Amino acid sequence: MSGTSNFRRLRATRRERETRRALKTPRIFVLALLILTGISLPVTPLDASAEVSRGSLVSEMMGVVPGSTFLVALLLDMDDGWHTYWRNPGDSGQPPEIEWLLPDGFQAGEILWPHPERMRYGTLMNYGFENRVLLQVPITAPVWYGPDRSFVVRAEARWLVCREICIPQEGRFELEMRSVEKDPLVNEQWQALFGAARDALPAPFPEVIRYSADAEELTISIPRTHLTSREIDRVWIYPYEWGIIDHASAQRMTVSAGEVTLRIHRGDRRYEPIEAFSGVLVIEERIESGVAEQAFEFSARKQEDES
Amino acid sequence: MKWKTTIVVSTAIFMLFGMAMPVLAGADPEIGKAALAFSGTDSSGDSVKLSDFRGKIVVLEWSNHDCPYVRKHYGTGNMQSLQKKWTQRGVVWLTIISSAPGKQGHVTGEEADDLTVSRGASPTAVILDPEGTIGRRYKARTTPHMFVIDSDGILVYMGGIDDKTSSSWSTVEGATNYVDAALRAVEDGEQPAVPVARPYGCSVKY
């Protein structure tokens with residue numbers, strides 16, 4: 001446990017995540033709340049023929065100050081065994097897409113992707129999410145937007161869910177919010193969910209990760225200044241781009257005093273040199289209560305570059 | 001306890017070998033190298049070998065008729081028009097179905113022929129690969145997943161059919177069709193500008 005304080009920010013252990021899932025609010029209750037509050041008005045997904053997942057548009061705030069940035073999210077709840085995909089879906093699949101229809105002057109950013117899970121299907125590997133995922137997107141309200149006005153955030157979303165088979169899902173959603181003079185108004189219904197999701201987002205990795213590659217193998221060197229070897233259970237990397245690695249390949253890990261090295265088979269793009277390589281790194285550490293996962297975003301440098 | 005350890009160890013050894021084998025055998029399909037040989041059985045029960053088509057350009061198309069991504073390309077007529085265009089020009093088009101029995105997309109020879117007729121498709125042959133032997137050999141991961149082999153038997157393209165990695169039918173129009181581009185290049189004796197692209201779609205139901 002010593003020497004890990006820099007890394008040990010609030011991260012969910014597996015056990016905590018299980019608890020969180022178990023605490024999932026019953027749907028009828030949610031529906032009642034939605035009707036009572038009129039905050040979120042999810043429209044029935046267009047493809048209702050196969051209801052294996054439910055999407056909704058949720059907001060962390062009810063009232064926002066003009067000029068500020070707030071988070072809204074596509075919340076996907078999937079039936080047991082069904083999954084959707086990360087930004088790099090791996091060997092098959094497709095990441096969810098959200099198209100925003102916002103009032104004049106409002107601007108939506110990109111999805112803040114949580115780190116994915118590895119999902120093996122025979123010889124194939126997918127990167128994605130099971131059960132429930134909150135895909136947060138920052139939206140900025142224009143400075144000139146006056147206080148005490150209501151506005152509607154609209155979104156059209158498409159997401160693919162697969163279990164043994166794949167079913168594209170889609171939905172049109174709208175969310176009524178309002179502007180406030182100064183104190184932002186939190187949406188208590190979703191505040192905890194947003195808080196937990198924000199804490200689990202990949203943080204920038206504090207050190208420089210280097211890589212070298214040939215047509216066969218990608219080697220990644222991750223400095224481990226802050227970690228003691230005993231605690232590292234597993235390190236996984238998830239490249240943002242397709243074809244850099246063979247997604248289903250073993251990620252062979254060696255731990256030395258100074259660094260963790262991963263050796264991974266190259267993917268279909270092994271004929272191309274890797275000019276840049278970024279993605280997410282998940283470190284699984286053994287702690288008393290189980291395994292703690294920490295996710296980091298990285299942009300690796302080529303081994304030769306000494307800059 | 002001891003028994004358990006044995007199982008764990010043998011599983012680990014099995015997994016190690018299982019993962020190392022394709023690399024040791026150098027068996028992955030590689031652009032610019034000879035396409036991996038295979039033989040199979042087509043929908044009429046006849047044996048089909050890649051070597052039967054030496055001297056011809058060959059397209060391999062992995063398919064599962066119930067996959068939404070395959071449905072996009074057949075529902076819009078995109079796959080059929082590509083098949084028609086190129087088989088008329090002497091290209092051999094092999095549709096391969098690697099779905100295991102009981103899994104989505106698995107068909108009998110008769111069902112495969114019915115699909116060819118009902119969809120107005122024109123493959124040279126539909127190869128039934130229920131054991132996934134050809135699929136695994138080519139590391140076919142999605143439906144569709146496309147491969148183009150030139151008349152010298154060299155693999156020149158592998159990946160998605162186009163650059164629109166979506167199941168929406170509206171994305172077919174305006175897409176850059178990599179297979180069409182690769183076939184045009186090969187016909188002109190050139191290398192495809194894009195030899196590898198991301199295969200997209202449903203996973204192959206091995």
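Is A:D268 buried or exposed? The residue is buried, with a relative accessible area of 9%. The points below concern a predicted model.

1. **The salt bridge between chains.** A:D268 meets B:R141 through their side chains in a salt bridge, with an N to O distance of 2.5 Å. B:R141 lies in the loop between α5 (133-137) and β6 of chain B, and A:D268 lies in the loop between β19 (259-265) and β20 (277-287) of chain A, so the pair joins two chains. B:R141 also counts as buried, at 9% relative accessibility.

2. **Salt bridges over all chains.** The count comes to 25 salt bridges over all chains. Side chains of opposite charge can pair when their charged atoms come close. In chain A, one of these pairs is A:R269 with A:E272, at 3.4 Å from N to O. Of its two partners, A:R269 is buried with a relative accessible area of 17%, whereas A:E272 is partly exposed at 34% relative accessibility. A:E51, A:R54 and A:D79 are linked in a network of salt bridges.

3. **A link between two helices of chain B.** B:D180 and B:K85 form a salt bridge in which the closest N and O atoms are 2.8 Å apart. B:D180 belongs to helix α6 and B:K85 to helix α3 of chain B, so this pair ties together parts that are 95 residues apart in sequence. B:D180 counts as buried, at 11% relative accessibility, while B:K85 is partly exposed, with a relative accessible area of 29%.

4. **Burial and packing of helix α3 in chain B.** Helix α3 of chain B covers residues 78-87, and its buried residues are B:N78, B:M79, B:Q80, B:L82, B:Q83 and B:W86. Against which elements do the buried residues of α3(B) pack? Their partners in chain B are the strands β3 (58-62), β4 (92-97) and β7, together with the helices α2 (68-75) and α6 (178-187).

5. **A negative patch on chain B.** B:E110, B:E111, B:D113 and B:D114 form a negative surface patch. One of its members, B:D114, is found in helix α4 (residues 109-118) of chain B. B:D114 is partly exposed, with a relative accessible area of 47%.

6. **Backbone features for review.** The peptide bond from B:T143 to B:P144 is cis, with omega near -5 degrees; B:P144 is found in the loop between β6 (142-143) and β7 (146-149) of chain B. In chain A, A:N131 has a positive phi, near 65 degrees, and is a residue other than glycine. A:N131 is placed in the loop between β9 (124-130) and β10 (132-140). A:D148 is not a glycine either, yet has a positive phi of about 60 degrees. This residue A:D148 is found in the loop between β10 and β11 (150-162) of chain A. A:D148 is exposed, with a relative accessible area of 60%.

Technical notes: Residues numbered from 1 in each chain as written. Chains lettered and ligands numbered in written order. Predicted model: local features only at pLDDT ≥ 70, side-chain atom pairs only at ≥ 80, totals over all residues. Heavy atoms only, no water. Helix = DSSP H or I, 4+ residues; strand = E, 2+ residues; numbered from the N terminus. Buried < 20%, exposed > 50% of the residue type's maximum accessible area, 1.4 Å probe, protein only. Patch = residues over 30% accessible without salt bridge, like charges linked within 9 Å, V, L, I, M, F, W, Y side chains within 5 Å. Areas by Shrake-Rupley, 256 points an atom, 1.4 Å probe, with all protein chains shown as cover. Salt bridge = Lys/Arg side-chain N within 4 Å of Asp/Glu carboxyl O. Lys, Arg positive; Asp, Glu negative; His and termini not counted. Charge placed at Lys NZ, Arg CZ, Asp CG, Glu CD. Contact = heavy atoms within 4.5 Å.
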